[in-house]
Amino acid sequence: MSAIEYEIKGSGDDEVNFDDLHKPSDMDNLRPLPRISIHSFCESEVMLRVMERLGSDRRMGKVSLRITNGDIAAAAGMFSSSPTPNLIILETKCDPSRLMDELSPLAEVCDPSTRVVIVGHYNDISLYRDLIRNGISEYLVAPVKMSDLLSSISAIFVDPEAEPLGRNIAFIGAKGGVGSSTIAHNCAFGISNLFSTETILADFDLPFGTANIDFDQDPAQGIAEAVFSPERLDEMFLDRLLTKCSEHLSLLAAPSMLDRAYDFDRAAFQPVMELLQRTAPVAVLDIPHGWCEWTRSVLAEADEVVITAVPDLANLRNTKNMLDSLKKMRPNDKPPHLVLNQVGMAKRPEIAPADFFEPLEISPIAIIPFDVQLFGNAANSGRMISEIDAKSPVAETFSQIAHLVTGRASAKKAKKPGLGKIMELLKRK
């Protein structure tokens, strides 16, 4: 067991509000863990549930996790006849005066490379120092937050000198034709221009993608080569597939051809997503409307998800179903962002925005009015909204969305002034 020094975390109180242990806070900047094995031994129901919740986190996707209801003696007995994993997490209620003796049988059977994290019930600085001196990697005081536990594991196994990972932001429509791609493309353009940030727009709709048309590009290669040749994927290969759209925006275009069937397994796009994270600070993923294994996998792994809907009953139902499913798939992440698009279309019966949001129990980050002239001109000329009319309320709204999905603004700030102006216009109709 190796020694790494960390702060003691936790309060040591016996009263536990379990919901407080799983708030998706302080986790946005944690990197995915590498392929390691973890075995946890839990003495309490609370710790058992914390570990189960940890196992469902997307950052644990490569981790082999085993959870056992048992104490230190159970761990020592198990590993006396089997190899130890990369990390052992032990919960113990043992008195500090006896803990070192309890750990001795386990130390005798542990591989030298195995790390140990202890979750104890005594906030004792002398105990902490003794444990660290004797090779324990971390000591946390129960009840432990899942974010603290994940952070501690990350501190042990993730190289602090590694380059920071970029953010993958996935855009998907609640229904076909709601304008999700248009919003994704305008946001990618806005992120690259507003923040002078290297941004990659990846069009995941291989048969029908429109990113190449929207940016007036006709690349010979793109995302198809990346998906169908994962063994060739590296930074140099990706660089050859990218098309420059502006100073800071590159496009990984879809072939938009029907010369083959585009059937993918669950993990088909994961190598592309991992490479995008290592290549650029921001990658905008334009996901086609659909619900299959690979789209579920992409949405589960993305750092942010943006759902676009229009105000009708089918979109309301689909949005509700998607929010519920994504909450189960991403239990430790913030809820997806919601954009209500094409509001105020003439002669079309609509659900009022307030009535649309009420059953969803979520506030939108933007409400975009229907403007056939503005969006039509942009689409037909291969330009973005801010290039057509930079002073329009819609251009301002796209700017606010770009700030929100990159974490540069709060939801409250995003409603001013563009969203407020749009709501006033809608009230006048």
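**Strand β13 and beyond**

Modeller: In β13, A366 and I368 point to one side while I367 and P369 point to the other, and all are buried. Buried stands for a relative accessible area under 20%, exposed for over 50%, and partly exposed for what lies in between, with a 1.4 Å probe and protein chains only. Strands (E, at least two residues) and helices (H or I, at least four) are DSSP runs numbered from the N terminus. This is a predicted model, in which local features need pLDDT of at least 70 and side-chain atom pairs count only at pLDDT 80 or more, while totals for chains, interfaces and linings use all residues. Residues are numbered from 1 along each chain as its sequence is written, and side-chain values use heavy atoms, with hydrogens and water left out.

The neighbour of β13 (residues 366-369) is β12, to which it is joined by three bridges, and the two run parallel. Two strands are taken as paired if DSSP finds at least two bridges between them. Within this pair, I367 in β13 is the bridge partner of L340. L340, in β12, also stands opposite A309.

Strand β12 (residues 337-343) is mostly covered, with seven of its seven residues buried. Towards β11 (residues 304-309) it has four bridges, and these two strands run parallel as well. One of the facing positions is V306, opposite H337 in β12. Helix α12 (residues 313-329) belongs with them: β11, α12 and β12 make a right-handed β-α-β unit. Right-handed here means that, with the strands pointing away from the viewer, the path from the first strand over the helix to the second runs clockwise.

These strands are part of an open sheet of eight strands with mixed pairing, in the order β8-β9-β7-β10-β6-β11-β12-β13. β8 (243-244) and β13 stand at the edges with a single partner strand each, so one side of each has no neighbour in the sheet.

Now the aromatic side chains. A pair of aromatic rings is described by the distance of the centres and the angle of the planes. Rings of Phe, Tyr and Trp (its six-membered ring) pair if their centres lie within 6.5 Å; planes under 30 degrees apart count as stacked, over 60 as edge-to-face and the rest as tilted. The whole structure holds ten aromatic pairs. In one of them, F228 and F264 have ring centres 5.6 Å apart and planes at 40°, so this pair is tilted. F228 lies in helix α8 (residues 223-228) and F264 in the loop between β9 (249-252) and α10 (270-279), so the pair ties together parts 36 residues apart in sequence. F228 is partly exposed at 35% relative accessible area, whereas F264 is buried at 18%. F264 also pairs with W294: the ring centres are 6.1 Å apart and the planes at 85°, so this contact is edge-to-face. W294 is in helix α11 (residues 293-301), and this pair links distant parts of the chain, 30 residues apart. Like F264, W294 is buried. F204, F228, Y262, F264, F269 and W294 form one aromatic cluster. R260 lies over the face of F228, 4.2 Å from the ring centre. A charge sits over a ring if NZ of Lys or CZ of Arg is within 6 Å of the ring centre and within 35 degrees of the ring normal. R408 has its charged end over the ring of F195, 4.0 Å from the centre.

Helix α6 (residues 180-194) has 15 residues, which at 1.5 Å a residue should span 21 Å; its end C-alpha atoms are 20 Å apart, which agrees. The expected span is 1.5 Å times one less than the number of residues. Eleven of the 15 residues of α6 are buried, so the helix is largely enclosed by the rest of the structure. Among them are I183, H185, F189 and I191. Just after α6, S196 takes a positive phi of about 50°.

Another loop position is A142, between β5 (138-141) and α5 (146-157). A142 counts as buried, at 8% relative accessibility. Its C-alpha atom is 5.2 Å from that of H121, a residue 21 places away along the chain.

As for totals, the protein has 18 helices and 13 strands, and 51% of its 429 residues count as buried. Of the contacts (heavy atoms within 4.5 Å) between residues at least 6 apart in sequence, 79% join residues at least 24 apart.
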